[in-house]
Amino acid sequence: MKKKSNSSNRWLLEHFQDKYVKEAKENKIRSRSWFKLEEIDRINKLFRPGMNVIDLGSSPGGWSQYASKKIKKKGYVVAFDILPMKKIEGVSFIQGDVRNKKTLDLILNNLFNIKFDLVMSDMSPNITGCSLVDMPRIIEVCKIACNISNHLLFQNGILLVKSFQGEGFNEFFTEIKKLFSKIKICKPTTSRSRSREIFILANK
């Protein structure tokens, strides 16, 4: 059996010492990403009772868990991920890869008659650590989230999508500005300090 690298050991140590990881475990929260969404919502007032929400890249369910709590029983959350996700009350989950045309068509065709108030994407490719590989992959899934939002959002709907800082981001940001009336970049304090992740918040 191969020994874990020093970087892997450091990540594991940092992960289990992380205050948000500990708080998530203590409060039966699915993931530390819950706190990122909570912070973005607190500042930007994303949620209200009765909203219809799409959660892309949902597993293990932190964002869906937060959204279902905020929209209450009158709202609707539909979640998608390539990985399985344990059931959350008030959330409909479909397992599939949205990069696959069949899965994407399934989403668009079956949800076309339902207009959504918020499309949120915490999707992320498998990270290699090489920006030349990782950036095109994250841009690809960001564009998929934009495509879904263009088809399914209400006129005044909101898109929240995770991206990374790096080559290709500025070009993507220029593209998305053409599709939305208001757009801003969010960097939650709950993101790990060395993380390159940022969140784009765009209003139709």
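Modeller: Start with helix H4, residues 62-71, in this predicted model. H4 lies across S1, S2, S3, strand S4 (116-121), S5 and S7.

Biologist: How do you know how H4 runs relative to S2?

Modeller: The angle between H4 and S2 is about 175°.

Biologist: Why is Ala67 called buried?

Modeller: Ala67 lies in helix H4. Its relative accessibility is 0%. The cut-off for buried is under 20%, so Ala67 counts as buried.

Biologist: What is Ala67 in contact with, leaving aside its neighbours within four places in sequence?

Modeller: Phe47, Val77 and Met120. Each has heavy atoms within 4.5 Å of Ala67. As for Gly90, 23 residues separate it from Ala67 in sequence, and the C-alpha to C-alpha distance is 9.6 Å.

Biologist: And Ser64, why does it count as buried?

Modeller: Ser64 is also placed in helix H4. Ser64 has 0% relative accessibility, so it counts as buried. Beyond the neighbours within four places in sequence, Ser64 is in contact with Asp55, Ser58, Val77, Ala79, Met85, Ile88, Val91 and Met120.

Biologist: Which residues meet where H3 and H4 pack?

Modeller: From H3 come Ser33, Trp34, Leu37, Glu38 and Asp41. They meet Gly62, Trp63, Gln65, Tyr66, Lys69 and Lys70 in H4.

Biologist: Now the sheet. In what order do its strands come?

Modeller: The order is S3-S2-S1-S4-S5-S7-S6. These seven strands make an open sheet with mixed pairing.

Biologist: What makes S3 and S6 the edge strands?

Modeller: Strand S3 (91-95) and S6 each pair on one side only. From one strand to the next, the twist averages 15°.

Biologist: How do you know that S1 and S2 pair?

Modeller: Five bridges join S1 (residues 52-56) to S2 (residues 76-81). Pairing needs at least two bridges, so S1 and S2 qualify. The two strands run parallel. Within this pair, Leu56 stands opposite Phe80, and Asp55 has Ala79 as its bridge partner.

Biologist: Why is S1 called largely enclosed?

Modeller: Five of its five residues are buried, so the rest of the structure largely encloses S1. Both faces are covered. Asn52, Ile54 and Leu56 are buried on one side, Val53 and Asp55 on the other.

Biologist: Last, helix H7. Which of its residues are buried?

Modeller: In H7 (residues 169-177), the buried residues are Phe169, Phe172, Phe173 and Ile176. Seen down the axis of H7, they fall within an arc of 100°, so they line one face of the helix. An α-helix has 3.6 residues a turn, so residues three or four places apart point the same way.

Biologist: What lies on the other side of H7, and what do its buried residues pack against?

Modeller: On the other side, Asn170 and Glu171 are exposed. The buried residues pack against helix H6 (131-152), strand S5 (153-164), strand S6 (182-186) and strand S7 (197-203).

Notes
Residues are numbered from 1 along each chain as its sequence is written. This is a predicted model: local features need pLDDT of at least 70, side-chain atom pairs count only at pLDDT 80 or more; totals for chains, interfaces and linings use all residues. Side-chain values use heavy atoms; hydrogens and water are left out. Buried means under 20% relative accessible area, exposed over 50%, partly exposed in between (1.4 Å probe, protein chains only). Helices (H or I, at least four residues) and strands (E, at least two) are DSSP runs, numbered from the N terminus. The arc is that of the directions from the helix axis to the C-beta atoms. Axes are lines fitted to C-alpha atoms, for helices over the stretch in contact, and angles run from 0 to 180 degrees between N-to-C directions.
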